[in-house]
Amino acid sequence: MRTPAKVRVGDAPDTRVVGPVTQTDIVRFAGAGGDFNPLHHDPEFVATSGFPGVIAMGQMQAGILAGWVSDTFGVEHVRSFGVRFVAPVFLGDTLTVGGTVAAIVETDGEFVATLDLVASGDKGPVVTGSATVVVAAT
């Protein structure tokens with residue numbers, strides 16, 4: 001088991017940049033997750049939907065953000081994770097994912113940090129959320 005991360009309230013660990021998002025990224029995620037909605041792969045269908053182009057499924061961005069949390073803090077230290085989808089991600093968008101330590105409390109002998117999370121695309125946030133993770137005492 002990895003040692004819990006040493007952080008303080010207000011810290012913002014290094015972000016991760018992913019992309020640009022390709023059709024292959026979306027199709028691979030669709031295959032893994034079983035989401036074959038034509039909004040994610042069929043430009044002719046998308047043209048009738050009101051979107052300007054194919055969009056990535058929200059769970060893909062949420063998964064990328066979850067990967068950042070688990071890689072940064074250790075999956076064994078993650079206690080909760082939740083997201084809200086706020087905007088679509090289009091082909092060619094580049095995502096920047098990360099978060100800020102909003103609070104640290106001692107609970108049952110552990111120090112637990114609450115993280116404010118965000119995945120941003122080329123035009124602003126696409127997913128927001130929060131997570132709680134065990135951290136080292138500082």
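Where in the chain is the place of P88? In this predicted model, P88 sits in the loop between strand 2 and strand 3. Strand 3 covers residues 95-107.

P88 is partly exposed, because its relative accessible area of 35% falls between the 20% limit for buried and the 50% limit for exposed. Beyond its neighbours within four places in sequence, P88 is in contact with F51, I55, D93 and V126. K123 lies 35 residues from P88 along the chain. The C-alpha atoms of P88 and K123 are separated by 9.9 Å.

Strand 5 pairs with two other strands. One of its partners is strand 2, which spans residues 78-85. Strand 5 itself spans residues 124-135. Strand 2 and strand 5 run antiparallel and are joined by seven bridges. Within this pairing, F85 has V127 of strand 5 as its bridge partner.

Strand 4 also pairs with strand 5. Strand 4 is formed by residues 110-121. Eleven bridges link strand 4 and strand 5, and their direction is antiparallel. A hairpin connects the two strands through two residues. G121 is bridged to G124 of strand 5.

An unreviewed UniProt entry places the feature "domain: MaoC-like" at residues 8-103.

Key:
Residues numbered from 1 in each chain as written. Predicted model: local features only at pLDDT ≥ 70, side-chain atom pairs only at ≥ 80, totals over all residues. Heavy atoms only, no water. Pairing = 2+ DSSP bridges. Helix = DSSP H or I, 4+ residues; strand = E, 2+ residues; numbered from the N terminus. UniProt positions renumbered as here; feature names shortened; annotations may be inferred. Buried < 20%, exposed > 50% of the residue type's maximum accessible area, 1.4 Å probe, protein only. Contact = heavy atoms within 4.5 Å.
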